[in-house]
Amino acid sequence: MLKKELIVSALIAIAFLIAKFLLPKPIQFSRTVSVIIIILLALLFFFIFILTVKGKYIGRRVVFLLVGIALLLPFFMQFTLPLQISPEVRGAYDGLASLKGGSKVLASFDYDPASAPELQPMAEAFFKYCFDNDIKVIVMGLWPQGAQQANLAVEAAMEETPRYRDEIQYGEDWVNLGFQAGNEFVIVRMGESFKAMFPRDIVKNLPYDSIPVLKNVRNFSNIDYSINFSAGKPGTVEWVQVAVDRYNLNMAAGNTAVQAPMAYPYLKAKQLTGLMGGMSGGAEFEKITGKFGKATTYLLSQSFAHMVVIVLILIGNFAFFRERMRDK
Amino acid sequence: MRREIPIAITFIVGLAYVIAYFIPHPPFNHFETWFTDWFVIIAAFAIWLGALNLLKISALKIAHKRSDWPFAALIIISFLVMISIGFIEGYRGIYADQPFQFRDPGTAFDWMYVNVYMPLSATMFALLAFFVASASYRAFRARNLEATLLLLAAFFVMLGRVPIGDIITSWLPYKYQMSQWAAWIMNVPNTAGQRAIMIGIALGLVSTSLRIILGLERSYLGGE
């Protein structure tokens with residue numbers, strides 16, 4: 001069994017190396033080829049439908065393969081999907097857009113690499129927007145890896161827009177205060193003093209008082225706006241319950257698609273100004289800020305994957321009802 | 001005394017937090033500050049405790065040659081490699097001409113984080129999509145009213161949250177397009193349900209907290 005898995009892993013690695021070093025870059029299917037591929041996929045699903053109705057359920061490995069194909073192929077297609085901006089994302093953007101140059105935004109990165117595919121594109125678009133509009137960003141994290149994710153987002157923004165390397169000064173335009181253990185108690189303590197929780201930054205190890213962007217920033221009352229990128233606990237719920245409810249912090253949130261439904265009560269109660277949920281929220285945010293990135297690219301893959309799951313649900317249920325009617 | 005002292009500490013700290021919330025003025029706010037600082041320190045130690053516990057459990061697994069013990073060995077090796085690289089880079093950074101932090105771009109730690117830890121974490125999470133698809137095909141059935149409602153909600157939300165849903169229903173007026181159905185589900189039934197859950201949890205939390213503060217609930221001390 002182990003031997004079989006090793007062979008499959010080796011084949012995947014070889015395919016990856018061939019694709020990386022031998023194939024011409026970048027591969028893009030023409031529109032006609034893309035349409036043909038979609039028709040072939042549809043025919044494949046029709047075939048699965050026939051099999052399932054006959055009582056021959058396809059194996060889980062075939063389902064895995066189908067999902068894999070549905071996720072992979074859109075990367076080579078050139079379709080651009082029409083995207084509507086939802087009121088939730090518009091609210092988050094309006095909060096940022098209402099800030100004047102020099103305003104200070106607190107960004108809490110409460111996620112780890114597992115959720116990065118959904119949240120990192122939002123974070124990158126957020127940094128790009130702030131850097132272009134002279135909005136000062138104070139970064140922190142309630143998750144150990146959060147602060148590192150913020151560094152990566154800034155690095156990605158600078159990679160894409162090289163002029164930031166000259167224009168954006170660490171300590172003056174943004175600062176990373178790092179991770180602090182203690183979950184919501186960190187937020188409680190920050191209500192009185194940021195410095196008590198973050199005596200130094202984590203990028204240059206500078207004392208709090210020597211960092212220009214933190215001048216006159218004592219607690220939440222000196223913050224103009226805040227945004228929370230969250231994948232769970234501690235995250236948006238804790239920020240709303242402590243910082244928003246108790247200290248009247250103005251806040252928007254970027255959540256994973258799984259977590260976003262939990263934030264809706266806060267959104268409807270206007271405790272959150274806006275909410276970006278999952279990959280689609282990220283893509284909408286990229287569109288409204290004009291900072292297109294990974295979320296827009298990945299959205300086609302996600303659309304295909306959603307379609308595959310829905311079609312599989314429909315096929316499974318059709319077969320189920322047919323069997324039930326036959327039994328009666 | 002092994003029970004009385006923890007119960008007394010719980011009572012004092014719990015009461016201090018309750019009073020400080022309603023009267024945020026000296027001396028009550030100072031109590032809150034002290035206790036919060038203590039909590040943060042304890043939480044920092046808890047991270048170390050968690051890491052050491054993981055090492056201990058993995059080491060015992062190897063020592064007793066329990067099932068899948070090679071994975072435990074891999075945990076220990078990965079842990080030691082990551083921590084060693086972090087310390088070495090940190091040490092190098094202090095004495096470098098241009099001082100740097102162990103996690104800065106270009107360091108070995110950053111390379112490991114970006115090229116090993118990030119892809120592995122994302123892969124673990126991404127596997128969910130494959131299992132969800134397989135389960136949807138084989139088990140997600142409209143067997144009764146509840147399951148049918150769940151299935152319908154999943155159908156509208158999954159299609160409505162991606163642009164393809166609106167493309168499919170583009171022939172309908174805007175307010176009947178798939179994204180609008182998804183938005184309605186999120187804004188009305190979802191919000192109502194989430195609020196009910198939140199209120200239930202909050203009431204449960206209040207009553208449990210009161211029982212703990214008053215010493216009626218002692219299970220957190222162990223043994224009861």
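These notebook entries record what I looked up in the predicted model above.

**Conventions.** I number residues from 1 along each chain as its sequence is written, with chains lettered from A and ligands numbered from 1 in the order in which they are written. The model is predicted, and I therefore note that local features need pLDDT of at least 70, that side-chain atom pairs count only at pLDDT 80 or more, and that totals for chains, interfaces and linings use all residues.

**Entry 1: chain B as a whole.** I looked up the secondary structure of chain B and found seven helices and zero strands. Helices (H or I, at least four residues) and strands (E, at least two) are taken as DSSP runs, numbered from the N terminus. The radius of gyration of chain B is 26 Å, well over the 17 Å from the globule rule for 224 residues, so chain B is more spread out than a compact globule. That radius is taken over C-alpha atoms, and the rule is 2.2 Å times the number of residues to the power 0.38. The C-alpha trace spans about 65 × 50 × 45 Å along its principal axes. I noted that 15% of the 224 residues in chain B are buried. A residue is buried if 20 or more other C-beta atoms lie within 10 Å of its own, exposed if 12 or fewer, and partly exposed in between, with C-beta atoms placed from the backbone.

**Entry 2: domains.** For chain B the assignment gives domain 1 (1–66) and domain 2 (144–224); such bounds come from an automatic or database domain assignment. The C-alpha centres of these two domains of chain B lie 31 Å apart. Seven residues of domain 1 of chain B are in contact with five residues of domain 2 of chain B, contact being C-beta atoms, placed from the backbone, within 7 Å.

**Entry 3: where the chains meet.** I found 51 residues of chain A in contact with 47 residues of chain B. On the chain A side, α13(A) gives the most, with 15 residues. By class, that side has 31 nonpolar, 14 polar and six charged residues. Here Ala, Val, Leu, Ile, Met, Phe, Trp, Tyr, Cys and Pro count as nonpolar, Asp, Glu, Lys and Arg as charged, and the others, Gly among them, as polar.

**Entry 4: B:R161.** I located B:R161 in the loop between α5 (145–160) and α6 (163–168) of chain B. B:R161 counts as buried because it has 25 C-beta neighbours inside 10 Å. Leaving aside neighbours within four places in sequence, B:R161 is in contact with A:G278, A:S280 and B:A182. B:R161 and B:A183 are 22 residues apart in sequence, and their C-alpha atoms are 8.4 Å apart in space.

**Entry 5: strand β1 of chain A.** I checked β1(A) (residues 104–110) and found six of its seven residues buried. β1(A) runs parallel to β2(A) (residues 136–141), joined by five bridges; strands pair if DSSP finds at least two bridges between them. A:L106 has A:I138 as its bridge partner in β2(A). β1(A) also pairs in the parallel sense with β4(A) (residues 225–230), over six bridges, and A:V105 stands opposite A:Y225 in β4(A). With helix α5 (residues 116–132) of chain A, β1(A) and β2(A) make a right-handed β-α-β unit. Right-handed means that, with the strands pointing away from the viewer, the path from the first strand over the helix to the second runs clockwise.

Key
Two residues are in contact if their C-beta atoms, placed from the backbone, lie within 7 Å.
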